[in-house]
Amino acid sequence: MLNKRTITSAILGSVLLMSALAANASVMLGGTRVVLNEKDRQASIPLKNTGASPYVVQTWIDAGEGKNKVPLLVTPPLSRLDPGAENILRIVRISGDLPSDRETVFWLNVKEIPEKSDQVNVLQVAVRTRIKIFYRPAGLAGKPDEARSLVTLAVVPGQDGNGAALRVSNPSAYNLTFTGFKINGNKEQTKAGMVLPFSSSDFPLTSISAPQALDASYTTINDYGGETPEVVAKVAVGAASAAQPAAPVAAAASVEPAGK
């Protein structure tokens, strides 16, 4: 009969194996994000099989886990990719109303499925890569590379009034992806995260037990997947009430599929 230690070891071994497999995807995308501008009929991103075996590649777009009804389409949805072979994924907007005053974020999923092995007792795993797609309407206020300089920071009470959190407010029309925040000269670094347009997010702090003024610095990720120059700020204690995102402005008309 298996004891608790054996079961725990088996679970830990499975987790480590899955982590190793996920970190060694063979089908590589040519970028970490895709920007689909309203004025463009489509956006594209290359992918390549860098492994030694062929794979079936399945692709789809969602608006978050389980939210598969989206106004974007990726082609091809299913293809075979031999070792060393390359392909191009094309993303088009096909229908639906989207906010016209801000970016909307979607997710591109690419799953590599190995061919069935002739050997017995072989574990095969389908590895999924997931990157952001930013749909960018025409005529948005400001420029994407200027949005990070508009960010405002405040130290507020943590969840349920316990501890402290760094509130990050994004007043721009663009999604901002932060690599993390260094607190008081790197005594603490928060997790990375994305703050949506016209909204705020709280990042829990562990180096202080109650809201107090502090120094913070941060970098963001640009359209090309690169890290922007560091921004340094002195952060004051802010209000405890949560900021509410502004309501989006819907576009007046939908876009027909590309090719028509």
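1. A salt bridge here is a side-chain nitrogen of Lys or Arg within 4 Å of a carboxyl oxygen of Asp or Glu. With that rule the count comes to 12 salt bridges.

2. A word on the background: this is a predicted model, in which local features need pLDDT of at least 70, side-chain atom pairs count only at pLDDT 80 or more, and totals for chains, interfaces and linings use all residues. Residues are numbered from 1 along each chain as its sequence is written, and side-chain values use heavy atoms, with hydrogens and water left out.

3. Arg 136 lies in strand E9 and Asp 223 in the loop between strands E16 (214-220) and E17 (231-235), so the pair ties together parts 87 residues apart in sequence. Strands (E, at least two residues) are DSSP runs, numbered from the N terminus.

4. Arg 136 also forms a salt bridge with Glu 103, with the closest N and O atoms 2.6 Å apart. Glu 103 sits in the loop between strands E7 (86-93) and E8 (104-114), 33 residues from Arg 136.

5. How accessible are these residues? Buried means under 20% relative accessible area, exposed over 50%, and partly exposed in between (1.4 Å probe, protein chains only). Arg 136 is buried at 10%, Glu 103 is buried too, and Asp 223 is partly exposed at 29%.

6. Do look at Glu 65 as well: it forms a salt bridge with Arg 130, the closest N and O atoms being 3.9 Å apart. Glu 65 is exposed at 54%, while Arg 130 is partly exposed at 25%.

Technical notes. Helix = DSSP H or I, 4+ residues; strand = E, 2+ residues; numbered from the N terminus.
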